[in-house]
Amino acid sequence: MTSTSAGGASAALDFAAILKASQALSSEIQLEQLLSNLLQVTIENAGADKGVLLLLEDGQWRVEGVAQIGETAQVLQSVPLEESQEIPLSLINQVKRQPQPIAINNATEHSFFLGDAYIQQAQPKSLLCNPIWHQGKLVGMLYLENRLTAGVFTSDRTQVLNLLCAQAAISLENARLYQRSQQTLEELKQAQQLLRLVIDNIPQWIFWKDRNSVYLGCNQSFAEISGAGSPVQILGKTDDDLKGLAIEKSLYRQCDASVIATGQPILDLVETKSPADGQPIWLQTHKLPLRDPQGEIIGVLGTIENITKRIQAEQLLKQQKDDLAAALQELQQTQFKLIQSDKMSALGNLVAGVAHEINNPVGFIAGNLKPANEYMRDLFGLVDLYQKYYPNPVSVIQEEIDNIDLGYLKADFPELLNSMELGVERICNISNSLRTFSRADKDYKVPFNIHEGLDSTLLILKHRLKAHDERPAIEIIKKYGSLPTVNCFPGQLNQVFMNLLANAVDALEELYNSDLPSRHQADRYQIEVDTQMIEDRAIAIRIADRGIGMAEAVKQRAFDHLFTTKPVGQGTGLGLAIARQIVVEVHGGTIQLESIRGEGTAFTITLPLAAD
């Protein structure tokens, strides 16, 4: 089942919209929000007014999200496919049997849907069902419809949706991994709480004495441990009478006297004992003043607890916490790598695709400019010969010469071709920069020109440097030193440059929206990029802005995982954490932050020249 494309040119989406949509998917790791974003992004970019997401779970197809334009998406309801009233089952079953995109220009006129109850009731016009693949496996389907307009889902929009579905498949897998990791962490947390509950409920030894430290009573546990045998047998006895009580008796008598004299409790008195078996035990004692109903101190209330198991459990818990911290660190490292890989893969594929599409028409133009110049010279030479040997043309020819202003045409046409050559050269340079930025990393380090990486990143961000209503234009000041090539992972370093330069632009925009008196000074809207050698053993890259700067508390947490000061939806708190991991852990370098609130921020990266 196929359909034809209508208005393909008008349906094409610009690069910025595709990039924004892809980033919206790749930057989200919460499953519920990811499903909502996916439906909203696809509806907005495909011209649909309704979208339904189906996922394959344990061999069963379920409707996991439904969204209509202008309404909040309903996600994670897990409605079985056969029970859903939101989709045409005939179209969905067709894609299940033959997993490939199916677009219908006008479903109400299509004979295939005559028996479909949903189509007959809802009467939608344009339909699209797109399979979602991950690592060669069908994991989901995205169904879109437009109830008012026929022929909405053109081939251009279908290609964009294919790209978004590919990104969505990766992001869905990451979100599920993240959800499982959160569940694991919650289970570990509950296990810790249970262990603490067990420790806190160990029976205590309880006793109470009069003002002369004579026992007035105790519980069974204290009677047994003290050698009295039962609470009755301890009445009238002192610490000196209790042979089984392994405590520092003189110290305890002093504590009793202090509590009675001052009325203040003595808490957390801990002793370590070494019985005959050689196994140390820990005892923790609390003593409080015992008062009568009138508030007069009549004695001492005490508890003794054998905290040996608790101490040992705390030691074990500390080891478990250390193990958990190591596991969490490893999980964060994996998460960093997944997010970095997804973002760079999506961005790299888009940029490389644009560069490739530019090269073809530019190559055609460049290849034809040279013969065009030759044809021009031949035609002008022929005109010159006519004018030399026929200086007095007939009136009709003379009138046409005057109308087209032949003299100006002969002077301007070569300049026109020259400007076209310069334009083609400029486009070629831009295409080369795009390919430099989007180059895929190998599994080993390769020589790389740092300046090419910086320039290609600045080119990608060029649209953000232009002046607009929010602020003046941003000037880039380059101070490049003489650097050799560096053995590294170019794609990862380009990601670091992108994060730092994008943050610098954000800081300057925040400056313009602040109340600082200097926000209107043109020289503040600058980003300086410096490079230099360090004693022939390393290189330094410094990216500095004169933006809003950071407070000291923000500086201390700038590289923390998931820490961000940006509004919800504008930052993930991963950019600087990923940058630090790439520079320090992957490349063995350093990254330092200098910032003063109200004056600006500078990041300095050092990379060793020696290969690993």
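1. The patch is formed by Phe-364, Ile-365, Ile-404, Leu-409, Phe-413, Leu-416 and Met-420, and together they have about 600 Å² of accessible area. Two elements give two or more residues to this patch: helix H9 (308-389) and helix H11 (406-438). Patch members have over 30% relative accessible area and no salt bridge; nonpolar side chains (Val, Leu, Ile, Met, Phe, Trp, Tyr) are joined within 5 Å, and like charges within 9 Å. A salt bridge here is a side-chain nitrogen of Lys or Arg within 4 Å of a carboxyl oxygen of Asp or Glu.

2. Please keep in mind that this is a predicted model, where local features need pLDDT of at least 70 and side-chain atom pairs count only at pLDDT 80 or more, while totals for chains, interfaces and linings use all residues. Residues are numbered from 1 along each chain as its sequence is written, and side-chain values use heavy atoms, with hydrogens and water left out.

3. Helix H10 is worth a look. Among its ten residues the count of buried ones is zero (buried means under 20% relative accessible area, exposed over 50%, partly exposed in between, with a 1.4 Å probe and protein chains only). Ile-404, a member of the nonpolar patch, is found in H10 and counts as partly exposed because its relative accessibility is 39%. Helices (H or I, at least four residues) and strands (E, at least two) are DSSP runs, numbered from the N terminus.

4. There is also a negative surface patch, made by Glu-399, Glu-400, Asp-402 and Asp-405. Glu-399 lies in H10, which spans residues 395-404, and counts as exposed because its relative accessibility is 51%.

5. Elsewhere, Asp-536 sits in the loop between strand E15 (526-534) and strand E16 (538-545). Asp-536 is exposed, at 68% relative accessible area. From Pro-484 it is 52 residues away in sequence and 9.7 Å away in space, C-alpha to C-alpha.

6. For the overall picture, the protein chain has 16 helices and 18 strands, and 40% of its 612 residues are buried.

Key:
Areas by Shrake-Rupley, 256 points an atom, 1.4 Å probe, with all protein chains shown as cover. Lys, Arg positive; Asp, Glu negative; His and termini not counted. Charge placed at Lys NZ, Arg CZ, Asp CG, Glu CD.
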